[in-house]
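Reader: I am new to this structure. Please pick one part and look at it closely, then tie it to the rest.

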Amino acid sequence: MPDIILKDQNSWASYIRGIFDTDGSVYVRKCGVGLAYRQPIIDIFSKSSEHILQIKAMMEWTGFKVWVEGNNSKIRMAGWGNAERFF
């Protein structure tokens with residue numbers, strides 16, 4: 001990730017949104033008793049583990065609850081609150 005992005009917290013939201021537009025996905029997963037509850041899942045993929053960990057740190061610093069999966073190749077967040085705030 002370019003230093004100009006890393007050092008400018010005001011650009012983080014735009015950067016993450018741009019990465020999502022090219023390397024992200026969103027879907028609704030059924031969960032809960034009888035699979036009656038639905039929650040949105042937002043994923044961002046990258047082949048670079050370093051890039052994923054940088055994005056994760058940015059998102060956590062801005063208040064999102066995220067986790068990394070897929071051998072550090074995917075950031076995932078779930079829930080309506082995260083989705084509404086993200087979009």
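Author: N71 counts as exposed because its relative accessibility is 74%. N71 sits in the loop between β3 and β4. Helices (H or I, at least four residues) and strands (E, at least two) are DSSP runs, numbered from the N terminus. K47 lies 24 residues from N71 along the chain, and 9.8 Å separates their C-alpha atoms.

The model is predicted, so local features need pLDDT of at least 70 and side-chain atom pairs pLDDT 80 or more, while totals for chains, interfaces and linings use all residues. Numbering starts from 1 along each chain as its sequence is written, and side-chain values use heavy atoms, leaving out hydrogens and water.

The chain holds four helices and four strands. From the N terminus on, their order is α-α-β-β-α-β-β-α. The C-alpha trace spans about 45 × 25 × 20 Å along its principal axes. Of the 87 residues in the chain, 37% are buried.

Now the strands. They form an open sheet in the order β1-β2-β4-β3, with antiparallel pairing; a pair needs at least two DSSP bridges. β1 (24–31) and β3 (67–69) are the edge strands, each pairing on one side only. On average, neighbouring strands of this sheet are turned by 35° against each other, direction ignored. β2 (residues 37–45) and β4 (residues 74–78) run antiparallel and are joined by five bridges. Here I44 stands opposite I75 in β4.

α2 (residues 12–23) lies across β1 and β2, at about 95° to β2. Such angles run from 0 to 180 degrees between N-to-C directions, with axes fitted to C-alpha atoms, for helices over the stretch in contact.

Which of its residues are buried? They are W12, Y15, I16, I19 and F20. These residues share one side of α2, because they cover an arc of only 135° around the axis, taken from the directions from the helix axis to the C-beta atoms. On the face turned away from that buried side sit the exposed residues A13, S14, D21 and T22. The cover over the buried residues of α2 includes α1 (3–6), β1, β2, α3 and α4.

I16 shows the inside of this arrangement. Leaving aside neighbours within four places in sequence, I16 is in contact with I44, I55, M58, M59 and F86; contact means heavy atoms within 4.5 Å. I16 also belongs to the largest nonpolar core, which has 18 residues. Such a core is a set of buried Ala, Val, Leu, Ile, Met, Phe, Trp, Tyr and Cys residues joined through side-chain atoms within 4.5 Å. The members touching the most others are I16, I44, I55, M59, I75, M77 and F86. α2, β2, α3, β4 and α4 (80–86) each give two or more residues to this core. α2 gives the most, with five. In soluble globular proteins, nonpolar side chains tend to be buried together.

One last figure covers the chain as a whole. Among contacts with a separation of 6 or more, 43% join residues 24 or more positions apart.

Methods:
Buried means under 20% relative accessible area, exposed over 50%, partly exposed in between (1.4 Å probe, protein chains only).
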